[in-house]
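Here is the note you asked for on this model. Please read it alongside the coordinates.

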Amino acid sequence: MKLGVCYYPEHWPESLWADDARRMVEVGISLVRIGEFAWSRIEPEPGQYQWDWLDRAIQTLAEAGLQLILGTPTATPPKWLVDQHPDILAVDEHGQVRGFGSRRHYCFSSATYLRESVRIVTAMAERYGHHPAVVAWQTDNEYGCHDTVLSYSQAARTRFQQWLAVRYQHVAALNQAWGTVFWSQEYRDFTEIDPPVSTVTEANPSHRLDYRRFASDEVVRYNRTQVDILRQLSPGRDVTHNYMGFFTEFDHYDVARDLDVVSWDSYPLGFTDEARGGTSDAEKLRWLRTGHPDIPSFHHDLYRGMTGRWWVMEQQPGPVNWAHWNPSPLPGMVRLWTWQAFAHGAEVVSYFRWRQCPFGQEQMHAGLNRPDNVLDLGGHEAMQVAQELPALPQASRQRAAVALIFDYASHWAVRIQPQGADFNALHLCFNWYSSLRRMGLDVDIVSPQAELDGYALIAVPCQTLGDELLAERLATSGAQLLIGARSFSKTLNATMSTPLPPGAMSDCLGIQVHRVESLRPGAVESVHLGEHTLSASRWKEWLSLSPGTAIEAHFSDGQPALVCRGPFRYLACWPDQELLDACIQRTAAAAGLTTLPLPEGLRLSRLGEVTFAFNFGPEPQTLPAPADARFLLGARTLACAEVAAWR
Amino acid sequence: MKLGVCYYPEHWPESLWADDARRMVEVGISLVRIGEFAWSRIEPEPGQYQWDWLDRAIQTLAEAGLQLILGTPTATPPKWLVDQHPDILAVDEHGQVRGFGSRRHYCFSSATYLRESVRIVTAMAERYGHHPAVVAWQTDNEYGCHDTVLSYSQAARTRFQQWLAVRYQHVAALNQAWGTVFWSQEYRDFTEIDPPVSTVTEANPSHRLDYRRFASDEVVRYNRTQVDILRQLSPGRDVTHNYMGFFTEFDHYDVARDLDVVSWDSYPLGFTDEARGGTSDAEKLRWLRTGHPDIPSFHHDLYRGMTGRWWVMEQQPGPVNWAHWNPSPLPGMVRLWTWQAFAHGAEVVSYFRWRQCPFGQEQMHAGLNRPDNVLDLGGHEAMQVAQELPALPQASRQRAAVALIFDYASHWAVRIQPQGADFNALHLCFNWYSSLRRMGLDVDIVSPQAELDGYALIAVPCQTLGDELLAERLATSGAQLLIGARSFSKTLNATMSTPLPPGAMSDCLGIQVHRVESLRPGAVESVHLGEHTLSASRWKEWLSLSPGTAIEAHFSDGQPALVCRGPFRYLACWPDQELLDACIQRTAAAAGLTTLPLPEGLRLSRLGEVTFAFNFGPEPQTLPAPADARFLLGARTLACAEVAAWR
Amino acid sequence: MKLGVCYYPEHWPESLWADDARRMVEVGISLVRIGEFAWSRIEPEPGQYQWDWLDRAIQTLAEAGLQLILGTPTATPPKWLVDQHPDILAVDEHGQVRGFGSRRHYCFSSATYLRESVRIVTAMAERYGHHPAVVAWQTDNEYGCHDTVLSYSQAARTRFQQWLAVRYQHVAALNQAWGTVFWSQEYRDFTEIDPPVSTVTEANPSHRLDYRRFASDEVVRYNRTQVDILRQLSPGRDVTHNYMGFFTEFDHYDVARDLDVVSWDSYPLGFTDEARGGTSDAEKLRWLRTGHPDIPSFHHDLYRGMTGRWWVMEQQPGPVNWAHWNPSPLPGMVRLWTWQAFAHGAEVVSYFRWRQCPFGQEQMHAGLNRPDNVLDLGGHEAMQVAQELPALPQASRQRAAVALIFDYASHWAVRIQPQGADFNALHLCFNWYSSLRRMGLDVDIVSPQAELDGYALIAVPCQTLGDELLAERLATSGAQLLIGARSFSKTLNATMSTPLPPGAMSDCLGIQVHRVESLRPGAVESVHLGEHTLSASRWKEWLSLSPGTAIEAHFSDGQPALVCRGPFRYLACWPDQELLDACIQRTAAAAGLTTLPLPEGLRLSRLGEVTFAFNFGPEPQTLPAPADARFLLGARTLACAEVAAWR
């Protein structure tokens with residue numbers, strides 16, 4: 001459990017560097033990320049590297065005892081490079097080139113840009129790869145930020161065709177897989193196939209899903225190219241990349257396979273404001289200055305599973321600049337978020353950024369220090385965490401009893417054909433996760449390819465794309481399963497599953513979904529579960545049941561809403577919160593798990609033998625700690641924005 | 001009264017075809033539409049026709065006793081054709097080419113595409129034109145779907161100039177007609193005139209109206225080219241085209257002049273969800289699973305007038321895939337819609353589609369059969385209709401006592417200059433139609449060019465474009481007239497009428513509209529009619545009255561709201577529902593028509609000597625049938641989603 | 001105090017002209033604007049001028065005793081010119097050319113268009129420059145209307161680079177000023193710099209602010225080129241340009257420096273409907289047919305300060321055509337608006353237009369006369385004003401006791417980085433202005449460069465961009481200052497101010513803004529001021545106070561909301577109406593000004609020794625006139641839409 005910070009020596013007079021380094025140590029920081037946007041300083045003219053300033057910056061930080069994470073500067077190619085090679089730029093869905101003047105102005109499919117990236121990464125790794133203070137590398141920065149995964153350049157078109165040729169071998173196989181006979185979309189050759197863009201109405205969903213897969217694979221390839229260089233030229237260092245929140249444009253599991261450590265950038269207030277997880281307007285006001293309680297941990301629990309080791313690379317330190325509205329975190333929240341990350345197993349929490357920068361696009365983004373170099377609230381809270389850290393035992397996060405499956409491609413498939421305008425698989429997965437957390441359960445979010453054995457409960461909110469293999473692995477996992485609507489409704493090619501949904505799971509569930517309905521806002525379906533009348537909205541399925549499948553809840557028209565067959569449950573709707581909580585409780589009980597419905601805003605997390613509590617709500621809460629609990633942080637009554645930990 | 005179905009043999013293994021044909025007959029289907037999206041199968045390589053599969057499909061269906069409607073496959077030109085001739089593609093208002101990958105990817109003005117269309121239609125008509133089972137042809141599919149009437153290609157620009165030269169002969173006449181002296185828009189030659197697109201602010205309304213007329217005429221020309229081939233090569237067969245719902249981008253009366261039968265595609269739930277007729281959010285919820293009661297019949301009554309003979313070519317069979325939300329029709333609605341179409345005079349009701357297709361863009365669109373080939377609810381309801389059909393006498397729909405005038409060009413003129421953001425002439429016409437139907441009246445929707453004599457009541461909700469000729473025909477029709485706001489406010493060139501509105505009707509009405517107001521939502525004007533205080537919104541006119549014109553209703557400020565002079569009434573506002581109903585009742589009474597205000601959701605339609613009743617509402621209704629009524633369908637008490645018919 | 005009218009002889013048969021002129025005089029009009037859209041009639045073929053018709057039109061008007069304002073016709077270059085020189089067209093932010101077909105289809109940076117403008121203006125000025133009836137010229141028409149200030153043409157790119165080279169001399173200075181080291185945006189040469197458009201995410205704010213400054217300067221240059229010709233060829237005539245309402249795309253102070261008279265186009269209902277000043281939906285309904293009371297006077301008081309002399313060039317005469325909804329002004333409002341303009345110091349109020357034009361884009365825009373040439377309501381009200389005018393003494397508007405600072409560049413800076421989606425500096429300035437007016441105060445709206453001495457109270461709602469010089473001038477002005485949030489938060493380069501905001505004002509205020517929050521709708525902060533609990537929304541600042549700075553109001557969390565130090569007050573939020581009124585009253589009291597909170601809809605304005613009252617509200621009001629007041633217009637009780645004036 002270490003603290004870090006993001007630092008930009010190139011933004012400040014060199015005279016400040018040594019004092020900055022000294023004060024970082026004073027705050028309790030041990031790791032510093034630098035360099036990831038500095039290409040125009042490293043290579044101000046084509047081929048003329050200027051290492052001296054970076055040498056000195058690294059030396060200054062190292063001499064203060066700080067360890068370094070070096071970022072490769074490929075997220076911001078300099079103007080001269082773009083002017084020399086306009087083909088490095090991406091093209092948007094309207095055919096417009098996405099130009100220079102901000103960041104991420106490159107196309108993942110550009111051969112030129114890959115070559116130039118190899119050159120600059122090699123140069124940087126050769127220079128600093130063996131520096132003793134350099135302990136890690138970050139490739140690029142926030143792949144896909146500002147919708148930069150999908151590009152429609154000529155290079156992307158050509159590489160997509162090549163990707164398809166590899167995937168399908170024969171165009172007849174592609175025609176079959178995509179069902180191109182529909183609307184005379186048949187191709188005679190891979191070279192006839194365009195990206196699924198600028199069509200008169202929606203393009204073929206299989207075509208669109210493959211384009212997303214291709215684009216994701218381009219990110220994987222681009223990242224791996226950098227990783228390979230770094231591993232060769234800077235052995236023994238961790239290689240990471242900083243992911244974002246609620247970001248699904250590429251398959252993060254796939255990129256993670258090439259990383260030592262996954263890291264991510266945690267901005268709870270911004271993500272709440274932007275409703276990236278489906279936050280309602282009422283929730284945005286409720287969690288205005290704390291952020292939604294489950295937004296940070298959703299990502300902690302998602303990214304932790306990818307490589308085991310994980311960091312927060314950028315932690316929100318105060319108000320940010322990029323959401324529609326940017327309130328200030330309540331005093332205490334920066335500390336709370338830091339402890340929450342550690343409780344979920346983070347090795348490092350690194351703040352963005354050391355000092356607010358008074359110029360450029362992010363000049364309204366707070367740092368640990370104000371622009372006038374006074375330590376800000378976030379800085380004081382970071383320092384407090386640093387002082388508290390020794391009281392906590394170092395521990396690894398244990399495997400949870402509950403797994404929740406999230407699959408990027410399934411989410412893509414629903415985005416491509418939502419069928420109901422407000423059906424978003426990511427939002428639904430987040431709702432399920434939040435319900436599990438409200439019940440006091442620890443959760444691992446996992447890929448459908450993950451090892452599933454040993455979990456007591458597996459939640460499958462919306463695994464649209466399902467095949468026999470996954471069905472078999474789920475069925476034999478030994479866990480109680482709660483499977484959500486639309487799961488296994490499609491083949492891996494985004495065509496309808498055969499037999500009817502839930503396809504390969506229909507036998508073990510003993511059901512067939514023979515009709516689905518999407519429902520506009522205001523169309524609410526009552527659901528009767530025991531003595532309770534709960535509700536669903538957005539989505540309703542019509543099930544046929546095989547003998548032996550039991551109805552646990554039904555809609556007002558008598559149709560089954562929740563069914564159970566052995567250890568398998570299926571929920572045939574988009575549940576409102578109370579219905580979802582009830583389904584989770586019922587499944588957890590069957591799995592032998594104790595649930596503890598928590599007051600609004602209170603969350604518990606276990607790390608080794610320590611239980612952490614976090615209070616996101618406005619009211620103080622009495623903690624459910626045993627009578628003999630030994631408090632390492634806080635006490636039995638937990639105020640707003642406060643943290644407790646006990647053994 | 002026959003049932004049909006849309007079928008795609010190319011989507012299914014040939015081994016299924018014979019069984020499909022047998023089961024169609026079993027359901028009671030007698031007509032099958034095929035072929036309209038099959039170009040890539042008919043001509044998989046340039047010039048190499050593959051008829052064998054289609055020969056066998058036709059033979060299989062024919063042998064089962066089914067009759068065939070063949071669709072020309074021009075809505076989906078194959079990729080090789082697009083690659084050979086990129087000039088067949090349309091160009092959108094941003095100058096972007098509308099590419100391959102879905103359907104309707106062609107520009108009506110492309111000479112190349114017309115030539116290629118002639119080639120494929122000729123080939124198909126030569127092959128099957130004399131096949132005994134082929135009883136009808138459908139040209140192309142849903143002209144204009146996905147906003148494909150307007151294109152801004154070079155070909156369209158050139159043909160527009162030619163169209164203008166024919167229309168105006170001399171550019172001076174065009175300058176005069178359009179008023180191009182305004183803002184120095186004068187042209188010296190037809191070749192200077194661009195499509196009215198990419199202008200800095202709105203283009204000249206006369207220019208825009210003529211571009212719409214031109215674009216509509218391009219559809220007429222394109223369709224007629226196909227029709228001419230079919231008539232020559234396949235004599236004795238009906239030629240039809242399948243229109244859409246609430247679709248106004250081309251003048252359907254004009255296209256109909258070349259058809260034997262008008263057909264249309266009826267998707268009540270989708271049209272209700274998309275508010276194409278102006279449905280409010282409250283109405284969308286009220287009619288969530290029945291659709292708005294008047295949406296199907298509005299189109300039945302509109303399209304019936306065009307050629308006399310008309311079909312439903314595609315009837316919604318269950319949930320669809322293309323609206324924002326796609327609920328399931330209430331059980332019974334597929335049957336109800338079918339009977340409603342017959343009651344309004346349909347010769348054929350054909351369902352879309354035989355079996356849900358598990359791949360491609362419409363994989364979530366229900367069919368009569370589920371993807372696993374089990375007969376679905378819609379299929380069972382179709383079968384029930386087939387069994388009920390013999391009980392009903394064959395009858396033609398008689399002329400109604402009420403005509404409602406709907407004019408495409410008038411609607412375009414209002415779209416071009418709405419003056420109030422929510423003023424939509426189509427929505428207003430639909431409101432008037434709905435009011436007439438709530439009063440229990442049967443209605444013919446007619447073109448302003450239609451024969452008007454013999455109607456007892458003519459409703460003119462919003463005939464913006466009016467001339468002396470139409471005024472004369474209305475004035476001498478012998479009917480009671482109810483004329484709505486904005487009628488006769490423009491010349492045929494979309495300039496203001498002289499004298500002041502209602503222009504050529506101002507004398508017989510004895511009014512002048514000397515000022516108009518559009519009103520934002522929330523600005524409601526009270527209207528006093530007898531003892532009732534009713535209301536208007538959106539639009540208010542200020543009238544000057546000639547002696548002899550009587551005020552029947554007035555606004556709160558004393559200005560006239562409804563005036564009457566002999567058989568002519570004028571309503572100077574956008575009426576809210578109760579005011580509209582009151583005006584309709586008053587006019588109907590003057591026309592000697594008996595009105596019968598119906599409970600919400602109940603509708604009556606007369607076919608020959610039979611009266612049909614349809615209950616779209618949630619509550620059972622007691623029908624206003626005479627005591628001695630003989631029920632051919634249903635009984636005196638009509639449940640939700642039920643149909644009755646009595647003599 | 002004179003009345004004028006806009007007239008288009010080219011729109012009407014020549015036979016009408018003499019009668020029109022006679023009737024203008026009859027109405028009481030003395031000035032007529034003509035010519036500004038007539039290029040295609042003046043030069044129907046390249047180089048072939050047709051002056052005869054215009055000669056006769058001018059002569060006809062002159063002979064009736066009317067004086068003329070001639071408009072240069074450059075807002076509407078004819079089609080042949082555009083076809084000859086496509087490079088005169090502007091390019092939008094998507095790279096699409098903005099074509100012919102409406103108006104303002106030119107790029108301010110086009111060298112070709114500047115040359116052609118010089119040619120036509122010279123020709124016109126040579127022809128009519130010495131005509132005795134020509135008393136004034138209007139350059140072009142409504143610069144910037146339809147978002148035409150910003151263009152991204154090649155010409156604009158090149159001229160921007162040249163503009164930057166002049167401003168910064170060395171690219172290193174630009175890199176420093178813009179902070180281009182952020183995200184590796186550094187430039188090696190001015191020729192590398194593109195317009196800030198088509199970037200992947202937002203471009204650098206300093207870059208964007210400079211592009212706005214450049215674009216504004218292009219308007220200044222273009223206008224000055226015309227002015228120079230007119231001054232040379234038509235000496236002794238006033239040169240004006242007609243500005244628009246709530247229009248901020250160029251710096252109107254800068255353009256005004258080259259004008260003799262500023263004029264503007266006043267459309268109170270349209271501006272209210274379009275919420276250009278931030279009008280809420282409730283206010284839109286409240287002021288549906290009167291317009292917001294402070295919209296006309298906000299512009300009167302803004303534009304008056306620019307050259308001292310000012311006119312209303314286009315006064316709304318009835319319903320217009322261009323807002324989303326276009327209601328009719330209440331009877332009386334055209335007269336009221338006319339008097340309101342005179343009360344605020346207008347020399348001329350000129351109506352748009354003489355007669356409603358029955359063709360072209362504005363055919364639904366009312367005139368003083370109906371299209372059938374009957375004098376309309378607006379015409380009658382204009383005539384009434386003309387008859388009342390002699391009763392009022394000619395007087396100049398005296399300097400007000402209150403100045404409100406509005407700065408175009410500060411507004412741009414906030415638009416570029418709003419930080420909260422609903423923070424709009426123009427709206428905030430309008431709110432402050434409205435509060436001052438509700439308190440019965442007369443106001444001068446002034447530039448930050450204006451002479452500030454002598455005001456009793458200076459309101460600084462949102463002067464984002466501040467430097468030492470302005471701070472010094474404010475501090476030594478002798479006035480009581482009320483300074484709003486975000487003032488002096490940025491340098492002139494749109495980087496954060498040093499020291500912390502309010503930068504150069506922080507010493508005299510004794511505060512530092514060390515954190516800011518933007519707040520979404522619904523997030524309301526209570527503010528305690530004396531015994532009152534008021535509220536703020538949208539924006540909250542966290543202040544550190546120096547000793548000697550007093551807290552006059554605080555937020556619920558105890559932080560200061562309104563602070564005072566000597567004559568300086570700072571308001572650290574976006575105040576809701578009551579809080580703002582309270583702050584204004586408190587500051588006015590300190591300035592020794594008497595405030596008189598007015599009933600809703602009543603407004604007072606003083607002109608010389610005369611006090612005017614205007615009642616925009618629905619209820620009659622008793623006026624606060626002294627007992628011995630002598631009424632020149634109206635009486636002590638003022639009905640809705642009525643005017644009074646007393647001495």
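1. Conventions. This is a predicted model, in which local features need pLDDT of at least 70, side-chain atom pairs count only at pLDDT 80 or more, and totals for chains, interfaces and linings use all residues. Residues are numbered from 1 along each chain as its sequence is written, chains are lettered from A and ligands numbered from 1 in the order in which they are written, and side-chain values use heavy atoms, with hydrogens and water left out.

2. Symmetry. Chain A is superposed on chain C by a rotation of 120° with 0.0 Å of shift along its axis, at an RMSD of 0.0 Å. This is the relation of a three-fold axis. In chain A, the C-alpha nearest that axis belongs to H94(A), at 5.3 Å. For chain A on chain B, the rotation is 120°, the shift along the axis 0.0 Å and the RMSD 0.1 Å. The superposition is by least squares on the C-alpha atoms of residues with pLDDT of at least 70 in both copies.

3. Chain A against chain C, area. Contact (heavy atoms within 4.5 Å) involves 61 residues from chain A and 49 residues from chain C. The buried area is about 4,600 Å², with 53% from carbon and sulfur atoms; buried area here is the accessible area (1.4 Å probe) that two parts lose on being put together, summed over both. On the chain A side, W325(A), Q361(A) and M364(A) supply 17% of the area buried against chain C, more than any other three residues.

4. Chain A against chain C, pairs. There are 7 salt bridges across this interface, a salt bridge being a side-chain nitrogen of Lys or Arg within 4 Å of a carboxyl oxygen of Asp or Glu. R515(C) and D376(A) are joined by a salt bridge at 3.4 Å, N to O. On the side of chain A that touches chain C, α2 (39-42), α4 (79-84), α11 (281-286) and α14 (377-388) each supply at least two residues. Helices are DSSP runs (H or I, at least four residues), as are strands (E, at least two), numbered from the N terminus.

5. Chain A against chain B. Here 49 residues of chain A touch 61 residues of chain B, and about 4,600 Å² is buried, 53% of it on carbon and sulfur atoms. D273(B) and R520(A) form a salt bridge at 2.8 Å, N to O. On this side of chain A, β13 (511-518) and β15 (532-545) each supply at least two residues, and β13(A) gives the most, with 6 residues.

6. Helix α19 of chain B. The 14 residues of α19 (577-590) should span 20 Å at 1.5 Å a residue, and the end C-alpha atoms are 20 Å apart, which agrees; the expected span is 1.5 Å times one less than the number of residues. Buried residues (under 20% relative accessible area, exposed being over 50% and partly exposed in between; 1.4 Å probe, protein chains only) in α19(B) include L579(B), L580(B), I584(B) and T587(B). G592(B), which follows α19(B), has a positive phi near 75°.

7. H131(A). This residue lies in the loop between α5 (111-128) and β4 (134-138) of chain A. H131(A) counts as buried because its relative accessibility is 17%. Leaving aside neighbours within four places in sequence, H131(A) is in contact with I58(A), Q59(A), A62(A) and R237(A).
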